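I opened my notebook for this one and worked through salt bridges, sheet, turns and a helix. My entries follow the order in which I looked things up.

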Amino acid sequence: MKKYNREIYKTREEWLAARALGGSSASAILNKNPYMTRLELLAAVISKIRNHEEISNNRHDDATNEILQYGVQSEPLIRKEFALDFKHEYIVRSPKKFEMYRSIDKKYLTATVDGLLIDKKTKELGILEIKTHDVRGRSDLENWTNHLPENYYIQLLHYLLVINDASFAILAAKLRFYDFKNEERQLERTETRYFYVKRSEVVNDIAFLEKAETEFMEVYVQQEKIPNIYLEF
């Protein structure tokens, strides 16, 4: 049974104001977000409730802005590439401007996805998430070797939690590999990787995440309590 609503907003400001706990928030709640801790998220959410401010990770340097702009401009191209690569497997629906999905039971759980998929064979609903990432160091390289980084895995779990009738989620990652052994750090190559998460195989992880997000909002945010610094996942 479908337990979410699809919302469309007229402006970016309305869309930003309506956002609550999303995919990036989910990884921060589990202390797996490299850009924001649980305590920082708590402060940001409480501030937004009080002052109607946008939740931000405070990353505004020039390098970050260039990376963000690359991601924004690449998204429709990567979605089109995915549709071409998997034209026999999936129907791809692009998101509408200022579109959002919201849980009916827990309205503070929202999702802004990069596309919806229909499996042509099974007719099952799926979620498409698109990422761009610069691999600039050895630890970064290891983080993307043979598995999906934890923060992005948690983001997919969150989307499956909100869009509860989706059977799977796919993350399409456009990676830019730089020569981190050279001081000039020149771009060596690019590669697109696809990661598939099937709902039936991650049911326990989704349940764990839902419990953590519910506790975060209904205990720590609404009662303004300080959460534990660490949460095992």
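**Entry 1: salt bridges**

I began with Glu 99 and Arg 6, whose side chains meet in a salt bridge at 2.6 Å, N to O. The pair links distant parts of the chain: Glu 99 sits in strand β3 (residues 99–103) and Arg 6 in strand β1 (residues 4–8), 93 residues apart. My criterion for a salt bridge is a side-chain nitrogen of Lys or Arg within 4 Å of a carboxyl oxygen of Asp or Glu. Helices (H or I, at least four residues) and strands (E, at least two) are DSSP runs, and I number them from the N terminus.

A note on the source: this is a predicted model, so local features need pLDDT of at least 70 and side-chain atom pairs count only at pLDDT 80 or more, while totals for chains, interfaces and linings use all residues. Residues are numbered from 1 along each chain as its sequence is written, and side-chain values use heavy atoms, with hydrogens and water left out.

Is Glu 99 buried or exposed? I call Glu 99 buried, because its relative accessibility is 5%. The cut-offs I use are under 20% relative accessible area for buried, over 50% for exposed, and partly exposed in between (1.4 Å probe, protein chains only). Arg 6, at 40% relative accessibility, is partly exposed.

Glu 99 also meets Arg 93 in a salt bridge between their side chains, at 3.1 Å from N to O. Arg 93 counts as partly exposed, at 29% relative accessibility.

Next I looked at Arg 176 and Glu 66, a salt bridge in which the closest N and O atoms are 3.8 Å apart. Arg 176 belongs to strand β7 (residues 166–178) and Glu 66 to helix α4 (residues 62–85), so this pair ties together parts 110 residues apart in sequence. Arg 176 is buried at a relative accessible area of 7%, and Glu 66 is partly exposed at 40%. Salt bridges with shared partners join Glu 66, Asp 134, Arg 136 and Arg 176 into one network.

How many salt bridges does the rule give? I noted a count of 12.

**Entry 2: the sheet**

Then I turned to an open sheet of 5 strands, which I read in the order β2-β5-β6-β7-β8, with mixed pairing. Its edge strands are β2 (90–93) and β8 (187–198), each pairing on one side only. On average, neighbouring strands here are turned by 25° against each other, direction ignored. I take two strands as paired if DSSP finds at least two bridges between them. As background, strands of a sheet pair through backbone hydrogen bonds, either parallel or antiparallel.

I followed the pairing from β2, which is joined to strand β5 (residues 116–119) by 4 bridges, the two running antiparallel. Ile 91 has Ile 118 in β5 as its bridge partner, and Arg 93 stands opposite Leu 116 in β5. Leu 116 in turn stands opposite Ile 127 in β6. Between β5 and β6 I found 3 bridges, again in the antiparallel sense.

**Entry 3: two positive phi angles**

β5 and β6 form a hairpin with 5 residues between them. Lys 123, in the turn, has a positive phi of about 70°, although Lys 123 is not a glycine. Lys 123 is exposed, with a relative accessible area of 61%.

Where did I find Phe 98? Phe 98 lies in the loop between β2 and β3. Phe 98 is not a glycine either, yet has a positive phi of about 60°.

**Entry 4: helix α7**

I finished by checking the length of helix α7 (residues 203–221): its 19 residues at 1.5 Å each should span 27 Å, and the end C-alpha atoms are 26 Å apart, which agrees. The expected span is 1.5 Å times one less than the number of residues.

Which elements do the buried residues of α7 pack against? I listed α2 (23–29), α3 (38–51) and α6 (150–162), where contact means heavy atoms within 4.5 Å. Among the buried residues of α7 are Ile 206, Leu 209, Phe 216, Met 217 and Tyr 220, and Glu 213 is listed with them.

Terms used: Axes fitted to C-alpha atoms, helices over the stretch in contact; angles between N-to-C directions.
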